[in-house]
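Biologist: I would like a close look at one part of this model, and then its setting in the chain. Which residues surround the ligand?

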Amino acid sequence: MIPQITEKPQVIALFSQGLDSILAIKIIQQQGLKVHAIKFITPFFGYEIKGHEAKFCDQVKSTYAIDLSIIDLTDDYLHMLAAPQYGYGKNFNPCLDCKIMMLSQARILAETWQAASIVTGEVVGQRPFSQRRDTMRRIEKLSLTEGLLLRPLSAKLLTPTKAEESGLIDREQLFDFSGRGRKPQIALAEKMKLTNYPTPAGGCLLTDPGFAKRVKTLYQEAEIPTATDLNLLKFGRFYPLDKASDFIIIGRHHDDNQQLLKTADHNYFILHLADMAGPIAILKGNKKELPLAAEKLRRHSKAKNLRSVKVEWRHGSESGSLTIETAQD
Ligand code: SF4
């Protein structure tokens, strides 16, 4: 997972797309250092970039003059999520393990490129748990990035890193921001003439209680869900089956249906009404569950009051139809 780059950077930065990480990178660039930023993606964050990585990196380069590479952590991440060493947060978010994984990956890059520092946009006290001073120190220790990890926005409140001690990075030009307020960052952005920075985005889907609950259901089975399973969970109504890793999803509206059709591959059954427009249903499971999926599809469609409804399905190159008969009163 080492990105191909033309010139080795002096500093690596984690790029979250938010203002803080942009500022952190700009602060270091202004000291004349070559920075290469990394954005990690998984089905839970940043996955909209998947398949458009080059375009996204070009946009970041032209908007912020930041060199960026995208690293997809999905495989390792989905395995880690089954049993994170440091447990889950309030939902199904394995924040400590997640941060350790990203920083460990950044450390490997730093070693490979002989970069002197890893920069993040973290601010002491900005988040209740993960940006508490003691947690920040713990994460450094566990990811083996002590002395390497530099947070330019809060650096003056933290122990100097090796790059500051060696004089490569001038500590005097770093900051002492802390807490949840955004004013110092906004003022700094204005001073740097950064106007078109993104507003705080939705962030990590694992902190969304509804979505996290769906993901957790799939993880009740020993098998690790696929990225496609998890991407499908982002849309429609979700019905887990007896085997917890199997499910039915019914699109709620046109957009859901489009996204479900775009996401489901040959491993899933795709169902629709044969004789009228209506929702799309996705079934992950066995053929014997087709009547149940068809019945749920009927109930969530305009055909819900009809006595007999024909539903067509396909699964890879296989296809067929079935008729759902409703018992008469
Ligand atoms: S909120 Fe999500 S992306 Fe952020 S540290 Fe936690 S698990 Fe990782």
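**The ligand shell and its setting**

Modeller: Seven names answer that: Phe45, Tyr77, Pro94, Cys95, Cys98, Cys204 and Thr207 surround the ligand. A residue belongs here if one of its heavy atoms lies within 4 Å of the molecule. By class, the shell has six nonpolar residues, one polar residue and no charged ones.

A word on the basis. This is a predicted model, in which local features need pLDDT of at least 70 and side-chain atom pairs count only at pLDDT 80 or more, while totals for chains, interfaces and linings use all residues. Residues are numbered from 1 along each chain as its sequence is written, and side-chain values use heavy atoms, with hydrogens and water left out.

Stay with the cysteines. The structure holds zero disulfides, a disulfide being a pair of cysteine sulfur atoms within 2.5 Å. Cys57 is in none; its nearest cysteine sulfur belongs to Cys98, 19 Å away. Cys98, from the ligand shell, is buried at 9% relative accessible area. Cys57 is buried as well, at 14%. Buried means under 20% relative accessible area, exposed over 50%, and partly exposed in between, with a 1.4 Å probe and protein chains only.

Next, Tyr77, also in the shell. Thr42 is in contact with Tyr77, and with Tyr47, Leu73 and Thr74, leaving aside neighbours within four places in sequence. Contact means heavy atoms within 4.5 Å. Thr42 sits in the loop between strand E2 (35-41) and helix H2. Helices (H or I, at least four residues) and strands (E, at least two) are DSSP runs, numbered from the N terminus. Thr42 counts as buried because its relative accessible area is 0%.

Ala65 has a phi near 55°, a positive value in a residue other than glycine. Most residues other than glycine have a negative phi. Ala65 is partly exposed, at 45% relative accessibility. Lys193 has a positive phi too, about 60°, and is not a glycine. Lys193 lies in the loop between helix H7 (183-191) and helix H8 (209-218). Its relative accessibility of 71% makes Lys193 exposed.

Now Phe129. Its place is the loop between strand E4 (117-119) and helix H5. Phe129 touches Leu96 and Thr135, not counting residues up to four places away in sequence. Gly89 is 40 residues from Phe129 in sequence, yet the two C-alpha atoms are 9.3 Å apart in space. Phe129 counts as partly exposed, at 38% relative accessibility.

Helix H5 (133-142) takes us to the second largest pocket, where H5 and strand E5 (149-150) each supply at least two lining residues. The largest share of that lining, five residues, comes from H5. The lining has 18 residues in total, with Arg137, Glu140, Arg151, Leu158 and Thr159 nearest the centre of the pocket. By class, these lining residues are seven nonpolar, three polar and eight charged. About 270 Å³ of space lies in this second largest pocket. A pocket is an open set of points on a 1 Å grid over the protein atoms alone, where a 1.4 Å probe fits, with protein on both sides within 12 Å along at least five of seven lines; lining residues have an atom within 4 Å of a point. Points are joined across faces, edges and corners, and the volume is the space filled by probe spheres set on them.

Further along is Asp229, in helix H9 (227-232). Asp229 is buried, at 1% relative accessible area. Beyond neighbours within four places in sequence, its contacts are Leu218, Phe247, Tyr268 and Lys284. Asp229 and Leu150 are 79 residues apart along the chain, and 36 Å separates their C-alpha atoms.

Last, the whole chain. There are eleven helices and eleven strands. Of the 329 residues, 50% count as buried. The C-alpha atoms fill a box of roughly 80 × 40 × 35 Å, taken along the principal axes. Among contacts between residues at least 6 apart in sequence, 61% join residues at least 24 apart.

Key:
Nonpolar A, V, L, I, M, F, W, Y, C, P; charged D, E, K, R; others polar.
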